[in-house]
Amino acid sequence: MLLDRNKYTESGYIGEELIGDADQQLDQRCLAVQQSIKDKDFSSYEATLAAYHVSDAQYKLFVGKSAIKNIFISYSGSTLPVNKKDFLEIYENMLLTYFVSPSARVKSIVKELEKEANEAI
Amino acid sequence: MPASVSSVKHVITEAEWQSCKALGFVFYAPGVSGSVVDLINTNFPGLELLQFLSEIDILLKPMSTKNLSKVISFKVTESCELIFQYYSEDYNDKQNGLMLSRTLIRDKNEITAIHDFFRIPGTSRNQGHGKTMLKIGLQQYLNVGVDLIKVHAALEDGGYVWAKAHFTGAKKSEMGLILASAKLMLKTEEFKKVKEVFDNYYNQEPNGKAFPINKWANMPEMETILRNSNWHGEINLNNQELLDNFRNYVTG
C-alpha cells in the first residue's frame, strides 16, 4: 500500500519550473549579492558583484525595487502601489532624511517633488 | 493563494474524514490503534486535511488515466509519522508515471515535513504544477507549525534546482564533496569565490547544518556542478528570512 520512501527522490523538473525567466534569475542573483554582503563573504562590494555576475547598475535597480516594495508594504500593508501623492511625499522625506544638509541641487529636487505631490490627487 | 498561518487551529471532524474517503483516500496504518481523526488532531493539530487532500486531488487526478492509489498512513516509532501518498498504477514509469509522497514527522523537539518524492507524467511538466504543489504543502506546514522542510536533492538535476529554491545544505561532508568537484572543474579564480563562501560559513559555524548553497547556485559557473550533485537540503521555517525567500520564490 505504501511506496518505499527511500527509493525515489523529488524530480528535478519539479524545481526546474520555479527557476523563471532571465529577469527573475537576475533578481535571484541580486538577492544572493545582498546575502553575501550581509554575511561578508567577499572582501569588497565589487568582488561580491563579480561573484554573481551582477553589475553595479543591476544591483542598484534591485535595491530600488526592493525598497519600493517595502514602502508599499509599510504604507498600505500590501505590495500594491500607494497613490502618487503619498509616494512622492515619502520619497521627499527619504531625501531629506538622507541629506541632512541638502545642497541646492537636492533642495531643487525636493521642491519639484513638493510641486508634483501638491498637483497629484 | 497566500501562504499564511490561520489564526484559529483547524480541528478535523469525522465528517471531514468521510469527505476525504469520498475522494478515494484510504487510511492504512497496520499496528496503529486509534482513528485517523484522533491521531491527526492529537499529533498534527491545525492540519486542514480535507483542504490539503482536495487540493492535491484536483492538481494530480487529471494527470493520469491509470488507476490511482491515495493513501494516508501513520507510523509510531520514536516519533510520529503521518504519510501522504498519491500514485498511479504505472508510477514506476519515469516518463508517464505519477507519484507523490509527503511525510510529516513529529518528534520531541520539532515537526519536519519530508518531500520524499514527486514525479509527474511528461505531458504535465513545465506547466507550473510543481509550484502549485509546493504552495499547497507550504500552507499546511505553516498551519501545523512545521519547523523544517527536508528534501534529498539528487538525480535529474535536483541538486541544482533545490539549491536555487533556497534549501540549505544540511551536511558539511556533502558540501565538501561539491567543493571538491568545483576545485576539479573550475578555473582557479572561479573556485576561489566558491571556496570563500564555504570557508566563511563553516569558519563561523563549524558544525553548521544550514549552508547557504543558494549562493553557489547563483554563481553561473556552479550550475553544471550542482546539477550533478547529491545532497540533503532543509528549509528552516522558523528563519523568517529563509521563509520569505522560499515563499517569494514559490509564489513569485
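1. A polar contact here is a pair of N or O atoms within 3.5 Å, where, within protein, one must be able to donate a hydrogen and the other to accept it. The side chains of Asn143(B) and Glu48(B) make such a contact, at 3.1 Å. Asn143(B) lies in helix α4 of chain B. With a relative accessible area of 4%, Asn143(B) is buried, because buried means under 20% relative accessible area. Please keep in mind throughout that this is a predicted model.

2. Gln85(B) deserves a look from the side of chain A. Its place is in strand β3 (residues 80-88) of chain B, and at 1% relative accessibility Gln85(B) counts as buried. A polar atom of the Gln85(B) side chain lies 2.6 Å from the backbone nitrogen of Leu3(A). Not counting residues up to four places away in sequence, Gln85(B) touches residues of chain A including Met1(A), Leu2(A), Leu3(A) and Arg5(A). Its contacts in chain B include Ser69(B), Lys70(B), Val71(B), Leu100(B), Ser101(B) and Phe117(B).

3. The two chains also meet through a pair of helices. Helix α2 (residues 22-39) of chain A packs with helix α10 (residues 240-251) of chain B at an angle of about 175°, and their axes are 13 Å apart. That makes α2(A) roughly antiparallel to α10(B), because angles over 145 degrees count as roughly antiparallel. On the α2(A) side, the residues that meet α10(B) are Gln28(A), Leu31(A), Gln35(A) and Lys38(A). Facing them in α10(B) are Glu241(B), Asn245(B) and Tyr249(B). The residues of this contact divide into two nonpolar, three polar and two charged.

4. Most residues other than glycine have a negative phi. Lys40(A), although not a glycine, has a positive phi of about 55°. Lys40(A) is found in the loop between α2 and α3 (45-51) of chain A. Is Lys40(A) buried or exposed? At 64% relative accessibility, Lys40(A) counts as exposed, because exposed means over 50%.

5. His166(B) lies in the loop between α5 (158-164) and β7 (168-169) of chain B. At 2% relative accessibility, His166(B) counts as buried.

6. Glu223(B) lies in helix α9 (residues 223-227) and, at 29% relative accessibility, counts as partly exposed. Ser19(B), in helix α1 (residues 14-22) of chain B, counts as partly exposed at 31% relative accessibility. Ser19(B) and Leu134(B) are 115 residues apart in sequence and 23 Å apart in space, C-alpha to C-alpha.

How values were computed. Residues numbered from 1 in each chain as written. Chains lettered and ligands numbered in written order. Predicted model: local features only at pLDDT ≥ 70, side-chain atom pairs only at ≥ 80, totals over all residues. Heavy atoms only, no water. Helix = DSSP H or I, 4+ residues; strand = E, 2+ residues; numbered from the N terminus. Buried < 20%, exposed > 50% of the residue type's maximum accessible area, 1.4 Å probe, protein only. Contact = heavy atoms within 4.5 Å. Axes fitted to C-alpha atoms, helices over the stretch in contact; angles between N-to-C directions. Parallel < 35°, antiparallel > 145°, perpendicular 65-115°, else oblique. Nonpolar A, V, L, I, M, F, W, Y, C, P; charged D, E, K, R; others polar.
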